[in-house]
Amino acid sequence: MQNNQKQISFQHIRDVFFQDKAKSLGLSLLKKIKLEHITLTSFSKMRVDLAAQVLSESVSKAVELIGGVEAAETAMFDKFFDCLKVSNCSEGHQQRKPFREPYRSADDFRLKWLEEDFLGYISDWETYVKNIDGVSQKIRQKMLLSPQTLLGLKITVKSFVDLTRYLFTLDGVKIFLSQRICQDPIEKFFGCQRQRGATHDNPNVSEFCKNSDTIKVVGSVCRQLPWKKTK
């Protein structure tokens, strides 16, 4: 991919990783990044925890420091992910990352940043690729995120901003932790529904309700151990 005549590539992160690990002495710039973050399998590509660690501020700064100007565009998405993964009230202060502070009002500066800066960046990127001359449509598509991904980013940003502002209109809401918004339980529920149906992927209302009752019973008997972590 490409924007502002600079490449946006995972290769920049790979190069920084191997250069950092090749040092025999000194502090590591990427202490949390391991080989599993770089050498991806079909399963690890779906792990959100690996993506979140790769698209972090420390990696972003290391890419800009070692990769230079050419790698600057690759480091853009860090703040976007920080806006959506605020998990507690102290992390932002401890790590000195204002984008990880809890949301405390509908006028939070990050909401404006998402609407104007981030979506503006996406729009400028689309315009840049669209106005390149002498490039085939096939190559042009490789220089930009897919239309589905771009639409998903826009919907996510607008929905998140509207939801955050709405929450602060409710009585008693003083802070908001964005990581608490999670659709994993819904995805897990419908995944269980598909498992119950096997090859039958179009259940009627009666079958759906029967499957739901079965899932409730199984879930009450086979609960996940509280200390077990999932990835």
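Leaving aside neighbours within four places in sequence, Arg165 is in contact with Ala106, Leu111 and Glu115, where contact means heavy atoms within 4.5 Å. The model is predicted, so local features need pLDDT of at least 70 and side-chain atom pairs count only at pLDDT 80 or more, while totals for chains, interfaces and linings use all residues. Residues are numbered from 1 along each chain as its sequence is written, and side-chain values use heavy atoms, with hydrogens and water left out.

Arg165 is found in helix H9; helices (H or I, at least four residues) and strands (E, at least two) are DSSP runs, numbered from the N terminus. With a relative accessible area of 30%, Arg165 is partly exposed. On this scale buried means under 20% relative accessible area, exposed means over 50%, and partly exposed lies in between (1.4 Å probe, protein chains only). The C-alpha atoms of Arg165 and Ser105 are 7.6 Å apart in space, although the two are 60 residues apart in sequence.

One of the contacts of Arg165 is also a salt bridge: the side chains of Glu115 and Arg165 meet at 3.1 Å, N to O. This pair links distant parts of the chain, with Glu115 in helix H7 and Arg165 in helix H9, 50 residues apart. A salt bridge is a side-chain nitrogen of Lys or Arg within 4 Å of a carboxyl oxygen of Asp or Glu. Glu115 is partly exposed, at 36% relative accessibility.

A salt bridge also joins the side chains of Lys154 and Glu126 (3.0 Å, N to O). Lys154 lies in helix H9 and Glu126 in helix H7, so this pair ties together parts that are 28 residues apart in sequence. Lys154 is partly exposed, with a relative accessible area of 28%, and Glu126 counts as partly exposed at 24%. Salt bridges that share partners join Asp82, Glu91, Lys97 and Arg100 into one network. In the whole structure, seven salt bridges are found.

Helix H9 itself has 21 residues (residues 147-167), which at 1.5 Å a residue should span 30 Å; its end C-alpha atoms are 30 Å apart, in agreement. The expected span is 1.5 Å times one less than the number of residues. The buried residues of H9 are Leu150, Leu153, Val157, Phe160, Val161, Thr164 and Leu167. They cover an arc of only 145 degrees around the axis, which puts them on the same side of H9; the arc is that of the directions from the helix axis to the C-beta atoms. The buried residues pack against helix H5 (78-84) and helix H7 (109-130). Pro147, Gln148, Leu151 and Lys158 are exposed, on the face of H9 turned away from its buried side.

Tyr103 is found in the loop between H6 and H7 and counts as buried, at 0% relative accessibility.

Asp108 counts as buried at 12% relative accessibility, and Arg110 is buried with a relative accessible area of 1%.

Lys85 lies in the loop between H5 and helix H6 (91-94). Lys85 is buried yet has no salt bridge, and the nearest side chain of opposite charge, Asp82, is 4.0 Å away. For charge, Lys and Arg count as positive and Asp and Glu as negative, whereas His and the chain ends are not counted. Beyond its neighbours within four places in sequence, Lys85 is in contact with Ala52, Leu55, Arg100, Ser178 and Gln179.

The chain as a whole has 11 helices and two strands. Of its 231 residues, 32% count as buried. Among contacts in the chain with a separation of 6 or more, 55% are between residues 24 or more positions apart. The accessible surface of the chain comes to about 15900 Å², of which 57% belongs to carbon and sulfur atoms. Accessible areas come from the Shrake-Rupley method with a 1.4 Å probe, and for residues only the protein chains shown count as cover.
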